[in-house]
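Hi there,

Here is the structure I promised to send over. Have a look at it first, and my notes on what turned up follow below.

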Amino acid sequence: MQNLLKERKYPFIFLLFVLLIVAALFLISNSQSPIYITSGDLTPTQTASLPKSLPSKDAAAPPIDSSIVIISTAPPSQNQEDFVNSSSSTPSGQYEFKWKLCQGSGADYIPCLDNWKAIKALPSRRHMEHRERHCPTPNPTCLVPLPKGYKIPVPWPKSRDMIWYSNVPHPKLVEYKKDQRWVVKSDDYFVFPGGGTQFKDGVGHYIDSIEKTLPTIEWGKHTRVVLDVGCGVASFGGYLLEKDVTTMSFAPKDEHEAQIQFALERGIPATLSVIGTQRLTFPDNAYDVIHCARCRVHWDANGGKPLMELNRILRPGGYFIWSATPVYRKEERDQNVWKAMVALTEAICWTTVNKTFFDSSGVGLVIYQKPVSSSCYVNRKENNPPLCDQNNRPNSSWYVHLDGCLQSLPITGTGDNYNWPAPWPERLNSKPASLSSEPDAAEIFNEDTKHWSALVSDVYIGGLSINWSRVRNVMDMNAGYGGFAAALIDLPIWVINVVPINAPDTLPIIFERGLIGLYHDWCESLSTYPRAYDLLHSSFLFRNLTQRCGIVDVVVEVDRVLRPGGIFLVQDSTEMITKVGSILQSLHWSITVHQEQFLVGRKGFWRPDEKSRI
């Protein structure tokens with residue numbers, strides 16, 4: 001270099017510096033995008049493992065998680081904040097890390113259901129404990145890979161009948177249920193003919209037969225929200241959508257490979273769950289109808305607790321439809337099950353309103369009805385099962401053991417009776433009976449409905465450039481009264497309304513409105529498959545989480561359950577928009593911010609290199 005200066009070869013020196021700058025920019029652009037976070041954005045476990053001070057160049061910095069690689073404590077460059085037009089100063093003590101793929105988990109990884117270390121340590125599996133939630137500590141912050149050949153899902157309504165094979169490459173059910181025509185492989189697709197174990201004449205005919213058997217069920221008017229237990233590939237719920245009925249289909253993650261994943265890929269509401277030792281994540285008195293077609297649940301097991309759990313979540317006056325061999329077969333085993341069911345349903349005051357056999361299909365069903373008042377409980381000859389002590393009974397349905405008692409029924413009508421909600425669709429905007437008795441409660445509810453109607457119409461649909469025609473599966477992560485879902489009711493989508501466990505319990509109101517939802521703790525992973533949703537909506541969720549877990553944990557879960565091409569729609573403070581947007585940017589998502597409070601993140605197909613698995 002000194003010789004070049006002496007010889008005054010300035011053009012050559014200038015060209016050399018230009019080449020060095022270009023090479024440096026090339027190396028930077030091909031590196032993985034780092035994300036800078038503060039200790040407040042991490043979990044307590046991750047924070048505890050951070051270095052107390054900047055280590056010397058010879059010291060090894062301890063990792064905060066096996067999927068997080070600490071690079072430096074340098075602050076982010078200004079352009080990392082420019083995209084949200086934020087003028088806030090950069091917080092001190094920030095770290096950057098690179099994303100890694102989860103090791104040995106595959107493309108269908110569900111952290112709280114695939115925690116094999118915890119499952120192997122269970123003292124018993126007698127009551128399906130191994131199918132329940134067992135979340136790892138700390139939360140994994142690795143990324144789930146995509147299946148080979150993954151494509152943007154088939155759009156609704158075509159997806160009800162066919163999906164890409166490469167998106168859910170699990171052919172076991174094709175062979176296992178080939179005589180019942182649950183699902184058929186056809187070229188690059190899985191096709192769903194509408195068959196099922198009890199749907200010999202097709203699921204559409206089965207649904208119509210139920211209404212003919214019991215006209216008062218009135219699909220889509222009297223009956224709006226349904227729970228399908230052990231749902232298979234959710235064809236029952238899929239075809240009920242034509243009747244203006246929303247069905248939550250659920251089944252455990254078991255040997256019926258990927259049945260819930262099939263349902264979600266088809267565009268049908270579904271979740272992974274099991275009636276084991278803990279309550280389902282639904283409120284009391286929620287569902288209008290509960291359905292079970294050969295769902296393989298032993299209702300009288302464990303002192304009848306499985307059936308009492310259905311009784312808990314079934315609306316007073318609601319129906320339980322049970323289609324199974326004990327209803328119509330005369331073999332000794334079936335008859336023993338039937339006798340046990342008769343004794344149990346009488347003990348909990350259910351009335352048998354119809355028992356029938358369909359000659360054309362060779363199957364039968366029985367329809368029970370839950371009482372509308374607690375008077376039957378009081379007048380029973382034996383107090384077995386006993387009435388619950390309401391003072392000591394937990395109101396929560398999150399990690400709570402099944403009841404061995406009957407809870408008193410709510411009184412919303414004359415005398416000691418329960419009044420059914422208004423017919424659909426009037427019930428959507430009618431005052432819910434479970435609304436607070438405070439003088440201004442009805443006004444707050446109505447204003448909330450108006451607020452969401454205007455916001456969705458003017459901003460979410462009219463101002464954010466979201467292609468709603470490509471949206472089908474939606475989750476509202478902090479649902480409140482369900483106003484967001486109510487405002488979208490005329491679009492061909494469905495919304496799972498999540499009420500966080502640390503938020504006011506509004507889920508009973510959501511079900512009274514004719515919408516569906518569940519409880520969840522966003523400091524843990526969802527009980528659902530990866531790539532399940534087209535759009536996740538978060539309205540001021542993060543501010544209530546940062547004292548309990550890290551923002552990174554929540555965003556990693558959003559990335560897991562959202563499909564490539566899917567949208568994360570966030571309304572929050574500018575500071576939170578900045579933090580969330582930075583993390584999404586590090587995941588190679590496209591980011592736009594509107595009015596400094598609405599973030600639209602679009603997930604792409606990017607995944608870390610396979611060599612980065614942890």
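How many aromatic pairs does the count come to? The count comes to 24 aromatic pairs. Please keep in mind that this is a predicted model.

One of those pairs is formed by phenylalanine 190 and phenylalanine 262. Their ring centres are 5.1 Å apart and their planes stand at 90°, so the pair is edge-to-face. Phenylalanine 190 belongs to strand S5 (residues 189–191) and phenylalanine 262 to helix H9, so the pair ties together parts that are 72 residues apart in sequence. Both of these phenylalanines are buried. They also belong to a cluster linked by ring pairs, made up of Tyr165, Phe190, Phe192 and Phe262.

Another edge-to-face pair joins tryptophan 452 and phenylalanine 484, with 6.1 Å from centre to centre and 75° between the planes. Here too, distant parts of the chain are linked: tryptophan 452 sits in helix H14 (residues 441–461) and phenylalanine 484 in helix H15 (residues 483–487), 32 residues apart. Why do both count as buried? Buried means under 20% relative accessible area; tryptophan 452 has 8% relative accessibility, so it counts as buried, and phenylalanine 484, at 0%, counts as buried too.

Back to helix H9 for a moment. This helix spans residues 259–266 and is mostly covered, with eight of its eight residues buried. Just after H9, glycine 267 takes a positive phi of about 90°.

Now for the nonpolar cores. The largest has 137 residues, and Trp299, Phe320, Trp322, Tyr460 and Phe568 touch the most other members. Helix H17 (residues 551–561) gives the most to this core, with seven residues. Apart from it lies another core, of 11 residues, including Trp182, Val183, Phe190 and Phe262.

Tryptophan 322 deserves a click in your viewer. Leaving aside residues up to four places away in sequence, its contacts include Cys292, Trp299, Val337, Trp338, Met341 and Tyr368.

Trp338 also has a charge over its ring: lysine 355 lies over the face of tryptophan 338, at 4.0 Å from the ring centre. Likewise, the charged end of lysine 151 sits over the ring of tryptophan 164, 4.8 Å from the ring's centre.

Happy browsing, and do write back with any questions!

Best wishes

Key:
Residues are numbered from 1 along each chain as its sequence is written. This is a predicted model: local features need pLDDT of at least 70, side-chain atom pairs count only at pLDDT 80 or more; totals for chains, interfaces and linings use all residues. Side-chain values use heavy atoms; hydrogens and water are left out. A nonpolar core is a set of buried Ala, Val, Leu, Ile, Met, Phe, Trp, Tyr and Cys residues joined through side-chain atoms within 4.5 Å. Buried means under 20% relative accessible area, exposed over 50%, partly exposed in between (1.4 Å probe, protein chains only). Helices (H or I, at least four residues) and strands (E, at least two) are DSSP runs, numbered from the N terminus. Contact means heavy atoms within 4.5 Å. Rings of Phe, Tyr and Trp (its six-membered ring) pair if their centres lie within 6.5 Å; planes under 30 degrees apart count as stacked, over 60 as edge-to-face and the rest as tilted. A charge sits over a ring if NZ of Lys or CZ of Arg is within 6 Å of the ring centre and within 35 degrees of the ring normal.
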